[in-house]
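The following paragraphs lead the reader through a protein structure with its ligands, one region at a time.

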Amino acid sequence: MTTTRALVAPSAGAPFETRTVEHRELRDDDILIDIAFAGICHSDIHQVREEWGPAIFPMVPGHEIAGTVAAVGAGVTGHQVGDRVGVGCMVDSCGECEYCKDGEEQFCTKGAVMTYNGRGYDGEETKGGYAKRVVVSERFAVRIPEGIGLDEAAPLLCAGITTWTPLRRYGVGPGSKVAVVGLGGLGHMAVKLAAALGADVTVLSRTEAKREDARELGATSYAATGDPAVLKGLRNSFDVIVNTVSADLPIRTYLGLLKPMGTLVNVGLPPSAFEVPPGALVGGSRALAGSNIGGIPATQEMLDFCAEHGIGATIETISADEVDAAYDRVVAGDVHYRVVIDTSTLS
Ligand code: NAP
Ligand code: ZN
């Protein structure tokens, strides 16, 4: 067994504890990664607090992992000791179904194995990135290009790929008018990526507080959504809206901001349901879509794009003993714009 120090959530909503946890011995296709930084995604909070239903405890969250390869299994061909690598939300899939063959492993018909709060095909409980080390199949580790610091690369492994996927799928580029709802971890990456793809980007945030930041991130317009008149004035404005909000949102109002034939892509995952009358979609032939992370080839493509365009996440770095407090700050929407844990502070 490989052991590592890790931050463990002992039960739903309980404070984190530092413990020693075990990983399997390296299989032929496995790599051992020395983790440098792990991002805190709002999905970690949803799961630690059991907002998505029963979860597996004790839990080591973390699916925005950046580090270096410390050891490789006998059959590993894609990575070497010392390589800078990242791991996102998945650590295994069947590799044989039509989706895996297409590089859309998140839709694996056998069920992709999630990085934590999941079970491998052998029944082993998975453990994520709030730790000093992790063991994963080399197929689920991507190369982090030189030029992106490991700290600002970590959030790209979830926030980056989750926003990249819908922007590419819905053809965002020069001439596109894009709105991003919620300026948090995912939202700020959506702004950076859409702007780098050439789109005209508007940020829709609850208050005026993030206006200047939004401009620096690449947005050309900004609206504080607390005032209903502001949203009224934006009707029929956007080709694509990316909703990253982690809580209830009156989605019907936002559908009205789409131009005819526009698409609102939802990536936020609050536990509550949307209420959408058919007319809100039919009237302007508008679409309400969802998007689930992204496959491994697209993750590498996104990282290479970020390196080419000088993009990393905008981060606040914390030590391991600050994670409980950071969770409350994420929920309050008070983080600028992604918290990453410096895992060298885990003792
Ligand atoms: P985050 O950093 O907390 O950002 C969410 C943003 O939503 C906040 O910054 C805030 O923006 C806005 N917001 C928060 N509470 C709100 C409320 N009550 N009403 C209106 N707006 C509110 O979270 P994140 O890590 O970006 O994740 C966002 C959501 O995406 C989560 O639900 C997460 O589980 C989900 N997610 C989905 C996928 C996927 O594959 N689809 C992947 C990763 C995460 P303002 O302050 O600007 O208003
Ligand atoms: Zn995430």
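Glu316 sits in strand β16, which spans residues 315-318; helices (H or I, at least four residues) and strands (E, at least two) are DSSP runs numbered from the N terminus. The side chain of Glu316 makes a polar contact of 2.9 Å with the side chain of Arg329, and the side chain of Glu316 also reaches the backbone nitrogen of His336 at 2.9 Å. A polar contact is a pair of N or O atoms within 3.5 Å; within protein, one must be able to donate a hydrogen and the other to accept it, and residues adjacent in sequence count only if both atoms are side-chain atoms.

The model is predicted: local features need pLDDT of at least 70 and side-chain atom pairs count only at pLDDT 80 or more, whereas totals for chains, interfaces and linings use all residues. Residues are numbered from 1 along each chain as its sequence is written, chains are lettered from A and ligands numbered from 1 in the order in which they are written, and side-chain values use heavy atoms, with hydrogens and water left out.

Because Cys41 lies in the loop between β3 (30-39) and α1 (42-48) and His63 in the loop between α1 and β4 (65-72), the pair ties together parts that are 22 residues apart in sequence. Both Cys41 and His63 are buried, that is, under 20% relative accessible area (1.4 Å probe, protein chains only).

Ligand 1 is surrounded by 27 residues, the closest being His42, Leu186, Ser205, Lys210 and Arg338; a residue is near a molecule if one of its heavy atoms lies within 4 Å of it. A polar side-chain atom of Lys210 is 2.7 Å from an oxygen atom of ligand 1, and a polar backbone atom of Gly185 lies 2.8 Å from an oxygen atom of the ligand. A nitrogen atom of ligand 1 is 2.8 Å from a polar backbone atom of Ser291. The largest share of the shell around ligand 1, three residues, comes from α1.

Note on methods. Buried means under 20% relative accessible area, exposed over 50%, partly exposed in between (1.4 Å probe, protein chains only).
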